[in-house]
Amino acid sequence: MKRTSVTIEGPWSFRQLQDEKGAACATEWLPAVVPGCVHTDLFTNGAIGDPFYGTNERDQAWIGRSAWEYRATFTADEPLLARGHVELACDGLDTFADVFVNGARVLAADNMFRSWRADVRPLLAR
């Protein structure tokens, strides 16, 4: 069977899951852009000032010490579901990231300088 590629276009959203001390603080879901980063998503949503202006970067160090969650929904069409192997390819995860499909963890990343792949076919729903 010929290899094909499907991009998960979104819409994407994100929220803060834990504060910089590790305490749970699930905030409201906000629109996100993927590929992108939490700083630009926070800035676009008016939650922080420009991280490249003045001392804002220093004042926003808490962002990198906090836990963030991104989500998107996609539809697996019949041709995709007919395949025996469906691989999720992640080419730009943060240094530490867990990726879930339909509630199941499919990978735990620990290096932002590589791509990650996981067979997700058993997790796709009709």
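Where is Ala-24 found? In this predicted model, Ala-24 sits in the loop between β1 and β2. Ala-24 counts as exposed because its relative accessible area is 73%, over the 50% cut-off. Leaving aside residues up to four places away in sequence, Ala-24 touches Leu-17 and Gln-18. Ala-24 and Ala-109 are 85 residues apart along the chain, and their C-alpha atoms are separated by 21 Å.

## Overall layout

The protein chain holds 3 helices and 7 strands. Read from the N terminus, the order of elements is β-β-α-α-β-α-β-β-β-β. The C-alpha trace spans about 55 × 25 × 25 Å along its principal axes. Of the 126 residues in the chain, 27% are buried. The chain exposes about 9,100 Å², and carbon and sulfur atoms supply 53% of that area. Among contacts with a separation of 6 or more, 48% are made by residues 24 or more positions apart.

## The sheet of β1, β2 and β3

An open sheet of 3 strands runs in the order β2-β1-β3, and its pairing is antiparallel. β2 (30-32) and β3 (67-72) are the edge strands; each has a single partner strand, so one side of each has no neighbour in the sheet. From one strand to the next, the twist averages 45 degrees. Strands of a sheet pair through backbone hydrogen bonds, either parallel or antiparallel. β1 (residues 12-18) is joined to β3 by 6 bridges, and the two strands run antiparallel. Within this pair, Ser-13 stands opposite Arg-71 in β3.

## β4 and β7

β4 and β7 also pair in the antiparallel sense, over 4 bridges. Which residues of β7 stand opposite Cys-90 and Leu-88? Cys-90 faces Trp-116, and the bridge partner of Leu-88 is Ala-118.

In a regular strand the side chains alternate between the two faces of the sheet. In β7, Trp-116 and Ala-118 form the covered face, and Arg-117 and Asp-119 form the uncovered one.

## Nonpolar cores

The largest nonpolar core has 17 residues, and Leu-88, Leu-93, Val-99, Val-106, Leu-107, Val-120 and Leu-124 touch the most other members. Two or more residues each are given to this core by α3 (78-81), β4 (87-90), β5 (97-101), β6 (104-109) and β7 (116-119). Apart from this core lies another, of 7 residues, including Trp-12, Ala-32, Leu-42 and Ile-48.

Which residues does Leu-93 touch, not counting those up to four places away in sequence? They are Val-99, Leu-107, Ala-109, Met-112 and Trp-116.

Phe-100 lies in strand β5. With residues up to four places away in sequence not counted, Phe-100 touches Arg-105 and Val-106. Phe-100 and Arg-114 are 14 residues apart along the chain, with their C-alpha atoms separated by 18 Å.

## Cysteines

How many disulfides does a search of the whole structure find? The search finds 0. A disulfide is a covalent bond between the sulfur atoms of two cysteines. The sulfur of Cys-37 has its closest cysteine sulfur in Cys-90, at 17 Å, which is too far for a bond; the cut-off used is 2.5 Å. The two residues are set out below.

| Cysteine | Relative accessibility | Class | Closest cysteine sulfur |
|---|---|---|---|
| Cys-37 | 35% | partly exposed | Cys-90, 17 Å |
| Cys-90 | 10% | buried | Cys-37, 17 Å |

Cys-90 counts as buried because its relative accessibility is 10%, under the 20% cut-off. Cys-37, at 35% relative accessibility, counts as partly exposed.

Key. Residues are numbered from 1 along each chain as its sequence is written. This is a predicted model: local features need pLDDT of at least 70, side-chain atom pairs count only at pLDDT 80 or more; totals for chains, interfaces and linings use all residues. Side-chain values use heavy atoms; hydrogens and water are left out. A nonpolar core is a set of buried Ala, Val, Leu, Ile, Met, Phe, Trp, Tyr and Cys residues joined through side-chain atoms within 4.5 Å. Buried means under 20% relative accessible area, exposed over 50%, partly exposed in between (1.4 Å probe, protein chains only). Contact means heavy atoms within 4.5 Å. Two strands pair if DSSP finds at least two bridges between them. Axes are lines fitted to C-alpha atoms, for helices over the stretch in contact, and angles run from 0 to 180 degrees between N-to-C directions. Accessible areas come from the Shrake-Rupley method with a 1.4 Å probe; for residues, only the protein chains shown count as cover.
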